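Here is a short report for a reader meeting this structure for the first time. Please keep the sequence and the model in view while reading.

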Amino acid sequence: MAFRSVTTLPLTRRELEVADLVRDGLTNREIAGRLFISERTVEGHVAQICSKLGLRSRLQIATWVVEQETREAPKPVQLETLAGAARSGRRPGRLNVWLGIALVAALAIGGLAAAARGNTSAGRATLTMTTLIAGLNQPSGVAADPDRHAIYIADSANDAIQVLHGDGSSARITGKEFGFPMNHPTGLAVDRAGRLFIADSGNNRILVFDRYYMSVLTGTGRPGFAGDDGTADAAQLDSPQGVAVDQLGNVYIADTGNNRVREIDAGTGHITTVAGGGETDPFTGNYLGLYPLTIRLHHPLSVAITNAGDLVVADTGAHAIYEIPRAAGRTFGAVRRLGGDGRHGYSGDGGPATSARISEPSGLAIDQQGDIIFADAGNNRVRMINPKGVISSVAGSGTLGFSGDSGAAASAQLTYPAAVSADSTGNLYIADTGNARVRLLRGSKNPISKKAPAGARPSFPAGSYMAQIQARGKLVAFVRNQFPFFAYPNPQTGRLEGFDIDMIQAAARAIFGRDDPSVLEFVTPPRDRIATVHAGLADVADATLIDAQDLRDVDLSDPYLRSVDLLLVTKGSPIHAFADLAGKTVCVPDSKLAPELQAEARQSQPLLARAFIAPLAQCLTAVHAGSADAIYDHTPGALAALAANPSLVLTNTLLGPRIYGFALPKGHPEFVQFLDGVVEQLYKDGHWTAEAKKWLHGYDDTFNVLLRS
């Protein structure tokens with residue numbers, strides 16, 4: 001090791017020797033044999049190195065060693081030099097992983113499957129790689145959400161999440177804007193409702209970001225192990241690196257520092273350990289037939305859920321990947337080894353994955369075909385295990401460095417890839433950590449393509465209200481701006497977003513052929529929507545309740561949404577419906593509909609002790625303090641409260657269905673018919689369903705959106 005002087009560094013000579021061997025990818029057992037010391041002593045040295053340097057993983061130790069070496073080099077190490085060193089058999093100094101994020105590789109799902117099953121170099125050569133985004137700093141996580149045209153990247157060393165939007169814009173989330181500043185975020189996962197789960201590793205917690213809110217799902221912030229069989233918000237984690245969510249909303253965490261995998265039950269909010277006994281050990285066999293709590297995980301960095309609901313774990317320190325199949329009910333069955341023989345190295349492509357050698361497996365992803373894709377970080381490759389158990393390399397030549405953009409993925413160079421994500425359209429994203437970028441292997445379509453080119457400007461009969469709007473050059477729309485998922489300013493961009501906004505934009509496209517701000521203007525409260533439209537200050541108002549009272553002042557389109565009112569309780573509450581509220585207290589958030597909701601609550605449960613009206617914030621305080629047993633609210637407010645408070649859940653009680661349409665100026669029946677046709681077309685061509693899935697997916701059962709026959 002070309003260190004300047006031991007006296008200038010914080011480590012002892014023996015710790016430097018251990019760090020050097022960690023950089024080479026040796027296990028504790030191999031280091032012990034090389035230095036003639038015990039494995040426990042090696043583990044102690046590794047822990048001491050991390051403590052002195054403020055690091056959290058063996059990968060970061062390796063990075064620190066590289067930094068010391070590159071500082072001693074007479075000139076910066078070039079990629080060409082590294083490649084030449086590899087060809088000549090000399091050990092190259094590893095690139096500085098702290099340079100930033102350099103990864104996103106997206107792969108055609110069909111191409112991935114073909115590469116795995118056929119394992120031919122020709123098959124892999126058809127997969128090409130490009131850089132999606134560069135200039136990151138130690139990217140350690142990536143998650144694609146094609147349903148909402150977004151890609152999330154954990155820009156770990158910058159303590160931020162980078163968001164790429166389908167319209168070409170980007171955003172940066174640090175957590176500070178929500179009161180939860182992040183510290184070295186790593187693993188990411190997106191659920192069916194579009195919520196982003198973040199392994200906030202340096203803060204020993206899991207965060208949830210829901211477009212407009214951020215909250216702590218679990219972790220007190222202090223490293224440790226506590227809380228099993230209790231509520232997740234009171235549990236302790238230790239440097240969690242990975243997170244995954246299944247279709248039922250259950251959350252799985254690679255609690256790396258505790259050498260465990262833990263689960264948060266979506267129904268109860270309780271946390272339990274589902275794999276790992278807490279003690280660590282290098283690979284000790286294939287664990288065949290052993291149950292999850294008896295195995296010893298060794299620095300697990302990632303978890304994933306298969307299409308069948310089975311749990312997959314990347315046991316990074318043991319150079320192995322395990323599968324824990326879902327058994328009857330809520331339990332898991334015996335563990336089986338999917339890949340890796342426990343010895344770090346590279347071998348086995350085209351054969352059984354259980355006989356192959358892998359090195360420091362980290363990020364995991366499952367594609368639509370059931371292939372398990374993982375970042376084989378120590379081999380500078382991305383590899384895959386197909387459903388038949390055959391392993392193959394799908395990206396990376398194995399030579400450390402950067403090359404290959406616009407060329408065959410199998411020939412490209414990667415540097416310590418840390419994470420992968422496969423989306424439903426066939427794209428594969430790779431966090432090419434040491435190259436400070438995300439790389440993409442393209443599938444069936446552009447991963448974040450959102451809007452089609454502007455259409456032709458329609459023509460309308462002279463004198464029609466649509467022609468008047470065209471002549472004026474702008475559609476003026478009144479929209480609510482305080483209801484997340486319907487109409488609300490994005491905290492990062494300031495732009496209004498939501499389901500109602502998308503409906504208004506569809507109307508603008510039908511009039512102008514586009515929906516950009518040059519032709520669409522939004523008017524927001526505190527003005528009254530009905531009065532604003534009645535006075536001619538807006539052409540249309542969103543989400544107007546269709547009732548006889550409103551019809552006196554405005555015309556109303558056909559409905560485009562039906563909602564219901566919801567009963568919210570805390571997780572673990574015995575209340576599941578109004579039938580359970582005998583002798584209980586309900587808080588109704590103050591609004592125009594509050595008296596009606598209060599009456600509904602009393603009618604639904606005559607034995608209700610009390611139903612009182614108060615501001616939503618006071619209702620939330622009351623239910624958490626126990627002075628109220630439930631909140632009964634109109635849908636948008638209920639959803640906002642639910643998004644901001646993970647401890648709240650919805651019951652199965654759905655009352656008071658209401659339908660909403662557009663409010664339009666009186667005296668223009670052609671405009672009413674026109675917008676009715678716009679909504680009808682949105683239903684027919686699938687756009688309405690797509691937007692409902694994008695914004696309301698996960699809440700659709702409670703919103704009960706109107707599907708017209």
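## A cysteine and the disulfide

Cys 50 counts as buried, at 14% relative accessibility. The cut-off for buried is under 20% relative accessible area. The model is predicted.

How many disulfides does a search of the whole structure find? The search finds one. That disulfide joins Cys 587 to Cys 619, with 1.9 Å from S to S. The pair links distant parts of the chain, 32 residues apart. Cys 587 belongs to strand 34 (residues 585–589), and Cys 619 to helix 13 (residues 616–625). The link of Cys 587 and Cys 619 is left-handed, with -65° about the S-S bond. Cys 587 is buried, with a relative accessible area of 0%. Cys 619 is buried too, also at 0%.

## Helix 9

Helix 9 covers residues 499–512. It has 14 residues and reaches 20 Å from its first C-alpha to its last. That is close to the 20 Å expected at 1.5 Å a residue.

Why is helix 9 described as largely enclosed by the rest of the structure? Because 12 of its 14 residues are buried. Just after helix 9 comes Gly 513, which takes a positive phi of about 85°.

## Aromatic pairs

A search of the whole structure finds 10 aromatic pairs. One of them is formed by Phe 460 and Phe 674. This pair is edge-to-face: the centres are 5.4 Å apart and the planes stand at 90°. Phe 460 lies in the loop between strand 26 (436–441) and helix 8 (465–472). Phe 674 lies in helix 15 (residues 669–685), so the pair ties together parts that are 214 residues apart in sequence. Phe 460 and Phe 674 are both buried.

The rings of Phe 499 and Tyr 560 have their centres 6.2 Å apart. Their planes are at 35°, so the pair is tilted. Phe 499 lies in helix 9, and Tyr 560 in the loop between strand 32 (555–556) and strand 33 (561–570). The pair therefore ties together parts that are 61 residues apart in sequence. Phe 499 is buried, with a relative accessible area of 0%. For Tyr 560 the value is also 0%, and it is buried. Ring pairs link Phe 499 and Tyr 560 with Phe 662, Tyr 683 and Trp 688 into a cluster.

## Arginines over rings

Two arginines are described here by the ring each one faces. Arg 381 lies over the face of Tyr 346, at 3.5 Å from the ring centre. Arg 437 lies over the face of Phe 402, at 4.1 Å from the ring centre.

In what order do the four strands of the open sheet run? The order is 20-21-22-23, and the pairing is antiparallel. Strand 20 (361–366) and strand 23 (391–395) stand at the edges. Each has a single partner strand, so one side of each is left without a neighbour in the sheet. The twist averages 30° from one strand to the next.

Strand 21 (residues 372–376) and strand 22 (residues 381–385) pair over five bridges, in the antiparallel sense. Ala 375 stands opposite Val 382 in strand 22.

## Backbone exceptions

Most residues other than glycine have a negative phi, and most peptide bonds are trans. Gln 138 has a positive phi of about 55° although it is not a glycine. It is found in the loop between strand 2 (129–134) and strand 3 (139–145). Is Gln 138 buried or exposed? Gln 138 is buried, with a relative accessible area of 3%.

His 319 has a positive phi near 55°, again in a residue other than glycine. Its place is in the loop between strand 17 (311–315) and strand 18 (320–324). His 319 is buried, with a relative accessible area of 2%.

A cis peptide bond joins Pro 525 and Pro 526, with omega about 25°. Pro 526 is found in the loop between strand 30 (520–523) and helix 10 (529–534).

Key
Residues are numbered from 1 along each chain as its sequence is written. This is a predicted model: local features need pLDDT of at least 70, side-chain atom pairs count only at pLDDT 80 or more; totals for chains, interfaces and linings use all residues. Side-chain values use heavy atoms; hydrogens and water are left out. Helices (H or I, at least four residues) and strands (E, at least two) are DSSP runs, numbered from the N terminus. The expected span of a helix is 1.5 Å times one less than its number of residues. Buried means under 20% relative accessible area, exposed over 50%, partly exposed in between (1.4 Å probe, protein chains only). Two strands pair if DSSP finds at least two bridges between them. Axes are lines fitted to C-alpha atoms, for helices over the stretch in contact, and angles run from 0 to 180 degrees between N-to-C directions. A disulfide is a pair of cysteine sulfur atoms within 2.5 Å. Rings of Phe, Tyr and Trp (its six-membered ring) pair if their centres lie within 6.5 Å; planes under 30 degrees apart count as stacked, over 60 as edge-to-face and the rest as tilted. A charge sits over a ring if NZ of Lys or CZ of Arg is within 6 Å of the ring centre and within 35 degrees of the ring normal.
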